[in-house]
Amino acid sequence: MSEQPRPAYKRILLKLSGEALMGDQDYGIDPRVIDRIAREVTELSRIGVEVAIVIGGGNIFRGAGLAEAGMDRVTADHMGMLATVMNGLAMQDALERVGKFCRVMSALQINQVCEDYIRRRAVRHLEKGRIVVFAAGTGNPFFTTDTAASLRAIEINADIMIKATKVDGVYDSDPFKNSGAVRYERLTYEEALTRHLEVMDATALVMCRDNNIPLRVINIFNEGDLMRLVTGEPIGTLVERG
């Protein structure tokens, strides 16, 4: 029998963009993508990693985009928060179909579909081996799900925050528009802020920096990268305190 891989981290916060769930579609959730992510997350749990997840809502609604089109910003952001609840419920369903217990905890009170976010209860779920999906952002308008992910990572004392996107790290320019874009192996939070690199919004970066939470940016579409990262391989770009 092959030896079970040993995790380099005990507790992680995985930040998924809503767009990642679309796959090749223009809108919504691609069942093949969310099922694969659920299987990969379940494998992490089976080797002893405690996994919390924050999912954006951009595959359904983007509050900032709606506001730019003329909608009241608070209303638009509340719609975006509800979109993250929908994604969280979809992830819960995918995880439970592969045999993993999952709890969705919302920063907005929606008791009929998910639990309220209570920090101590969330930590207890993690300690019991359940996957926890944090939904509805911070519960406040004008804050992104990146900021929500940073906040939750700090609150649960995560060892690392992993941002899973459509690119395999942080680049000095958009790799989809510039074929000569250079990928960074490692950055400090100060460098990410001063160079205006689109890692996360500034509030999220500052929160991670000030609370000494390391960040890894990886490509969620590279199957197996998540496991390789959690077992110690230097996948993607590392952003940490200088």
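## Ile-162 and its contacts

Ile-162 touches Ile-12, Leu-13, Leu-14, Lys-15, Arg-216, Ile-218, Leu-226, Leu-229 and Val-230, leaving aside residues up to four places away in sequence. Contact here means heavy atoms within 4.5 Å.

The model is predicted: local features need pLDDT of at least 70, side-chain atom pairs count only at pLDDT 80 or more, and totals for chains, interfaces and linings use all residues. Residues are numbered from 1 along each chain as its sequence is written, and side-chain values use heavy atoms, without hydrogens and water.

## Nonpolar cores

A nonpolar core is a set of buried Ala, Val, Leu, Ile, Met, Phe, Trp, Tyr and Cys residues joined through side-chain atoms within 4.5 Å. Buried means under 20% relative accessible area (1.4 Å probe, protein chains only). The largest core has 37 residues. Leu-16, Val-41, Ile-53, Met-91 and Ile-162 have the most contacts inside it.

Elements giving two or more residues to this core include strand E1 (11-16), helix H1 (31-46) and strand E2 (50-55). Helices (H or I, at least four residues) and strands (E, at least two) are DSSP runs, numbered from the N terminus. H1 gives the most, with 6 residues. Another core, of 32 residues, lies apart; among them are Met-105, Ile-156, Leu-193 and Leu-197.

## Largest pocket

The largest pocket has a volume of about 1200 Å³. Of its 45 lining residues, Glu-19, Arg-62, Asp-146, Lys-163 and Val-199 are the closest to the centre. A pocket is an open set of points on a 1 Å grid over the protein atoms alone, where a 1.4 Å probe fits, with protein on both sides within 12 Å along at least five of seven lines; lining residues have an atom within 4 Å of a point. The volume is the space filled by probe spheres set on the points, which are joined across faces, edges and corners.

H3 supplies the largest share of the lining, 6 residues.

Key
Buried < 20%, exposed > 50% of the residue type's maximum accessible area, 1.4 Å probe, protein only.
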